[in-house]
Amino acid sequence: RIAEDIGFPVIIKAVAGGGGRGMRIVRNAAELVVNYQPARYEAGQAFTDSNVYIEKYLDSPRHIEFQVLGDTHGNVIHLGERECSIQRRHQKLIEESPSPLLTPEVREKVGALVVKACKAIGYLGAGTIEFLFDNNRNFYFSK
């Protein structure tokens, strides 16, 4: 049902995963049925957690992370972004900052959303909020 709601193609991903393990790209409901259990099995073997989730799959996405800092007084700032799109086997090879994809307007919009989200959850520390961007600069939160 989730895949139908967000539209195909989708990607099945391991909750505890990384490096492409437990991932399957599916382009229709029949492929989802065939690939769901193998993705769970691979996730369980690789990470001792067989839980998976489904997200929209983007062909040729741009992976962009916003750096954030949150303190014990509820202050949150972002330090801009880095683009991590050049990867091998789902592992970053090059990080570029600032991202050549983002316009000043998009950077401001996404940065404001990042700060708002981190304040809403009481974020504390240093970290990243990650997004996938398509070629039209539409962006999607990425776990």
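Reply: First, a term: buried means under 20% relative accessible area, exposed over 50%, and partly exposed in between (1.4 Å probe, protein chains only). This is a predicted model, where local features need pLDDT of at least 70, side-chain atom pairs count only at pLDDT 80 or more, and totals for chains, interfaces and linings use all residues. Residues are numbered from 1 along each chain as its sequence is written, and side-chain values use heavy atoms, with hydrogens and water left out.

Me: Which exposed residues sit on the face of α3 turned away from its buried side?
Reply: Glu 105, Glu 108, Lys 109, Lys 116 and Ala 120. Helices (H or I, at least four residues) and strands (E, at least two) are DSSP runs, numbered from the N terminus.

Me: And which residues of α3 are buried?
Reply: Val 106, Val 110, Gly 111, Val 114, Val 115 and Cys 118. They are on the same side of α3 because they cover an arc of only 160° around the axis, taken from the directions from the helix axis to the C-beta atoms.

Me: What covers them?
Reply: The cover includes β4 (62-70), β5 (76-83), β8 (125-133) and β9 (139-142), with contact meaning heavy atoms within 4.5 Å.

Me: Switching to the sheet. What is the strand order?
Reply: It is an open sheet of four strands, β5-β4-β8-β9, with antiparallel pairing. Two strands pair if DSSP finds at least two bridges between them.

Me: Which are the edge strands?
Reply: β5 and β9, each pairing on one side only.

Me: How many bridges between β4 and β5?
Reply: Six, in the antiparallel sense. Val 68 stands opposite His 78 in β5.
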